[in-house]
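User: I would like to learn how to read the contacts and the backbone geometry of a protein model. Please take one feature at a time.

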Amino acid sequence: MTELATPTRRPLAWRVATVAAVREESVVARTLVLDVPDWPGHIAGQHVDVRLTAPDGYTAQRSYSLASAARASAGYAVSTVEILVQRIPRGEVSPWLCDIAMVGDQFEIRGPVGGYFVWEPSRPEPVLLVAGGSGIAPLMAMIRTRKEAGSRVPFRLIYSVRDPDTLIFGEELARRARDDHGLDVTIVYTRQTPPGWRRPPGRLDAVLLAEAGWPATLAPACYVCGPTGFVETVADLLVAAGHDPAAIRTERFGPTG
Amino acid sequence: MAVVTRGFTGRGRREVDLPPGQYLTDDFPVLSAGPTPRISLDEWRFEVADGDGTRQAWSWPELLALPSEEITTDIHCVTKWSKRGTHWRGVSLDTLLSGVDSDVGYVMAHSYGGYTTNLPMADVRDGKAWVAYEYEGEPLAPEHGGPARLLVPHLYFWKSAKWVRGLRLMATDEPGFWESAGYHMYGDPWREQRYWGD
């Protein structure tokens, strides 16, 4: 737990973000493309704080992982960033972001934040990404950054979702698995699979992790992101499989509304 | 200066006083940077050390033999959630630091797994900090920092180091793990000291 990306040494100012585009990613999640004119850039894996303000001055804050590449995405200016938002029932911020936000709406963000759960193209070791549900967001930033940077570092993604309806970034992941050389994608459905899927529904286990991940002898950098229980389970399985605990970076998504 | 967000009215008008930017949760979310270390109680030690080496150490039975306190407190995580009225049992750091000179300015908490976090000595004395080993009447679960974690509830909860194994005494302040990654050196939730420069 010693390697850290260079942190910001400036106070993190709140910046006005304008919704530039909205993409529905599943029945429960959407991408907001945000135009942030003075965005300072970020590293894949970092997050931002979002602040919504009501007419009477009441505010609410939540944190969201940045899903966009560390460089500008194709077709968007450098000043755009993307966040993935999953609707939390009875939440306060995510229902606005998921159901009400539309192109032109404004709120505030500050960041980027976090210097540990990050991947930079200068890192040479193979990478194992393990996502549960909306935990795909910071890992997608790494996959997109890898492609944009022209990195040839081998990536393997194991992505656990409940059923086809809750698969986020499904089309893009299928396209990248075909086009991004050196990226392997394994989708795990825990409750219900698409018709004709080769594996019955079930949780990610040691066998599948060994089959679709990397052996510990290759000393991959491991990134695990998802709900707490999922991350606990996967991190324990990786340690049991011989991976160095210091090479396993985790981000646990609580119910953050 | 803040822009008003169209269509946002806010659901959580709260009757209770929380630090700025925080919201209440009934859950106890977990935030850690790596796998949960599993620590055998036979091997567990808590050490207070200075530059010259260990000054004092306690085994698990020795820790349990010390006078303990029940603590009821609100906790505030930098990721925005706050939780009201949590119940803990632990040993006051006043007890564990009773042999330490009062002129030591700072401590670095060290954890199993490699985590560190820095604290002013003044913030871990006078009934403000504990080594906690029970949560809500049960042994502290590993994912919440068990067998024992630091409890410094007047600061953001990353200062309450999970899986704590000791304190290193320091003459000057040094950044710990998150503090080196852009988080605030002190972390007062009431002044919203989340990040460097706040």
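User: How many salt bridges does the rule find across the interface of chain B and chain A?

Analyst: A salt bridge is read from the distance between a side-chain nitrogen of Lys or Arg and a carboxyl oxygen of Asp or Glu, with a limit of 4 Å. In this predicted model, the rule finds five salt bridges across the interface of chain B and chain A. One of them pairs Arg38(B) with Glu232(A), with 3.5 Å between the closest N and O atoms. Polar contacts are counted as well: chain B and chain A have 16 residue pairs of this kind, both residues being at pLDDT 80 or more. As for the residue classes, the side of chain B that touches chain A has 17 nonpolar, 15 polar and eleven charged residues.

User: What area do chain B and chain A bury between them, and how many residues does each chain give to the contact?

Analyst: The buried area is what two parts lose in accessible area on being put together, summed over both. For chain B and chain A the figure is about 4100 Å², and carbon and sulfur atoms carry 55% of it. Chain B contributes 43 residues to the contact and chain A contributes 50 residues. On the side of chain B, Arg6(B), Phe8(B) and Trp196(B) supply 17% of the area buried against chain A, more than any other three residues.

User: Which residues does Asp236(A) touch, leaving out those up to four places away in sequence?

Analyst: Thr36(B) and Arg38(B) are the residues that Asp236(A) touches under that condition. Arg38(B) is also the partner of Glu232(A) in the salt bridge described above. Asp236(A) belongs to helix α5 of chain A, residues 228-240.

User: Is Asp236(A) exposed or only partly exposed?

Analyst: Relative accessibility under 20% is called buried and over 50% exposed, with partly exposed in between. Asp236(A) has 29% relative accessibility and therefore counts as partly exposed.

User: Into which domains is chain A divided?

Analyst: Chain A has domain 1, spanning 15-113, and domain 2, spanning 127-253. Over C-alpha atoms, the centres of these two domains of chain A are separated by 23 Å. In the contact, domain 1 of chain A takes part with 22 residues and domain 2 of chain A with 17 residues. The area buried between the two domains of chain A is about 1400 Å², and carbon and sulfur atoms give 59% of it. Ser65(A), Ala67(A) and Leu84(A) supply 29% of the area that domain 1 of chain A buries against domain 2 of chain A, more than any other three residues.

User: What polar interactions are counted between domain 1 and domain 2 of chain A?

Analyst: One salt bridge is counted between domain 1 and domain 2 of chain A. The side chains of Glu82(A) and Arg144(A) meet in a salt bridge, at 3.3 Å from N to O. The rule also finds five residue pairs in polar contact across the interface of the two domains of chain A, both residues at pLDDT 80 or more. On the side of domain 1 of chain A that touches domain 2 of chain A, the elements giving two or more residues are β2 (29-35) and β5 (80-86) of chain A. The largest share, three residues, comes from β5(A).

User: Which peptide bonds are cis?

Analyst: Most peptide bonds are trans, and most residues other than glycine have a negative phi. A cis bond joins Gly111(A) and Pro112(A), with omega about 0°. Pro112(A) sits in strand β6 of chain A, residues 106-113. The bond from Gly146(B) to Pro147(B) is also cis, with omega near 10°. Pro147(B) is in the loop between β9 (138-139) and β10 (149-151) of chain B.

User: Where is Asp126(B), and is Trp163(B) buried or exposed?

Analyst: Asp126(B) is in the loop between β7 (116-120) and β8 (130-135) of chain B. Asp126(B) is not a glycine, yet it has a positive phi of about 60°. With a relative accessible area of 65%, Asp126(B) is exposed. Trp163(B), in the loop between β10 and β11 (164-170) of chain B, has a positive phi near 50°. Its relative accessible area is 7%, so Trp163(B) is buried.

Conventions. Residues numbered from 1 in each chain as written. Chains lettered and ligands numbered in written order. Predicted model: local features only at pLDDT ≥ 70, side-chain atom pairs only at ≥ 80, totals over all residues. Heavy atoms only, no water. Domains from an automatic or database assignment. Contact = heavy atoms within 4.5 Å. Buried area = accessible area lost by both parts, 1.4 Å probe. Polar contact = N/O pair within 3.5 Å; in protein donor to acceptor, adjacent residues only side chain to side chain. Helix = DSSP H or I, 4+ residues; strand = E, 2+ residues; numbered from the N terminus. Nonpolar A, V, L, I, M, F, W, Y, C, P; charged D, E, K, R; others polar. Buried < 20%, exposed > 50% of the residue type's maximum accessible area, 1.4 Å probe, protein only.
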